[in-house]
Amino acid sequence: PVGFVVFNSRGQDEDEAGLDWGGLYREAMNTMVDDLFDPDVLNLFIRVPNAASHAGGNQDTFVPNPKYNSPHAMQLFEFVGKLMGIAMRTRNFMPFRFPSIVWKPLVGQPVSREDLEGVDKVFYHYISNVMSSVANND
């Protein structure tokens, strides 16, 4: 058994034993990624608007929190990018819960209107109605 230190939700360290059958690294990385999306741990990412409105898809996905725009926050986002790079290079599938509107630009794919609908269906329909009204008035 290998022992490692784990911090609980109160910031206190606890000894936790683990058996390294190739899973400790993966478990630690997955826990780290899970914590990125836990609002009680870190509020760097927030649920998509579809989750709040209970409309549309991707309600279990997250987008960057726009309140986090300080230099320190940018370093945290850069760290997340490094974790994503590690996951891709090591082919370790980690539970990053991003909708297509977030990951498509990262892999060089164009973002579509459907990607917007996938995160904010209410706003998508509002914009669609405005565009339709403008087109009909021309």
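Which residue forms a salt bridge with Asp 115, and how far apart are the closest N and O atoms? The close-up views below, all drawn from a predicted model, begin with that pair.

**View 1. The salt bridge of Lys 104 and Asp 115.** Lys 104 is the partner of Asp 115, and the closest N and O atoms of the two residues are 3.0 Å apart.

**View 2. The salt bridge of Glu 78 and Lys 82.** The structure holds two salt bridges, and in this one the side chains of Glu 78 and Lys 82 meet at a distance of 3.6 Å, taken from N to O. Because the two residues are four apart in helix α3 (residues 71-90), about one helical turn separates Glu 78 from Lys 82. Glu 78 has a relative accessibility of 48%, and therefore counts as partly exposed.

**View 3. Phe 37, Phe 96 and Phe 98 in an aromatic cluster.** The count of aromatic pairs in the model comes to six. In the pair formed by Phe 37 and Phe 98, the ring centres are 5.3 Å apart and the planes stand at 70°, so the arrangement is edge-to-face. Phe 37 lies in the loop between α1 (24-36) and β3 (45-47), whereas Phe 98 lies in the loop between α3 and α4, so this pair ties together parts of the chain that are 61 residues apart in sequence. Phe 37 is buried, with a relative accessible area of 2%, and Phe 98, at 11% relative accessibility, also counts as buried. Phe 98 forms a further aromatic pair with Phe 96, which is stacked, with 6.1 Å from centre to centre and 15° between the planes; Phe 96, like Phe 98, is buried. One aromatic cluster is formed by Phe 37, Phe 45, Phe 62, Phe 77, Phe 96 and Phe 98.

**View 4. The surroundings of Asn 50.** Asn 50 lies in helix α2 (residues 49-53) and is buried, its relative accessible area being 0%. A polar atom of the Asn 50 side chain lies 3.2 Å from the backbone oxygen of Glu 117. When neighbours within four places in sequence are left aside, the residues in contact with Asn 50 include Ala 55, Gly 56, Gly 57 and Gln 59, and also Gly 118, Val 119, Asp 120 and Lys 121.

**View 5. The backbone at His 54 and Arg 91.** Most residues other than glycine have a negative phi. His 54, although not a glycine, has a positive phi of about 55°, and Arg 91, likewise a residue other than glycine, has a positive phi near 55°. His 54 is placed in the loop between α2 and β4 (62-64), where, at 65% relative accessibility, His 54 counts as exposed. Arg 91 is found in the loop between α3 and α4 and, at 70% relative accessibility, also counts as exposed.

**View 6. A nonpolar surface patch that includes Tyr 126.** Phe 123, Tyr 126, Val 130 and Val 134 make a nonpolar surface patch of about 370 Å². Within this group, Tyr 126 has its place in helix α6 (residues 121-137), and its relative accessibility of 52% means that Tyr 126 counts as exposed.

Conventions. Residues numbered from 1 in each chain as written. Predicted model: local features only at pLDDT ≥ 70, side-chain atom pairs only at ≥ 80, totals over all residues. Heavy atoms only, no water. Buried < 20%, exposed > 50% of the residue type's maximum accessible area, 1.4 Å probe, protein only. Polar contact = N/O pair within 3.5 Å; in protein donor to acceptor, adjacent residues only side chain to side chain. Contact = heavy atoms within 4.5 Å. Patch = residues over 30% accessible without salt bridge, like charges linked within 9 Å, V, L, I, M, F, W, Y side chains within 5 Å. Areas by Shrake-Rupley, 256 points an atom, 1.4 Å probe, with all protein chains shown as cover. Salt bridge = Lys/Arg side-chain N within 4 Å of Asp/Glu carboxyl O. Phe/Tyr/Trp six-rings, centres within 6.5 Å; stacked < 30°, edge-to-face > 60°.
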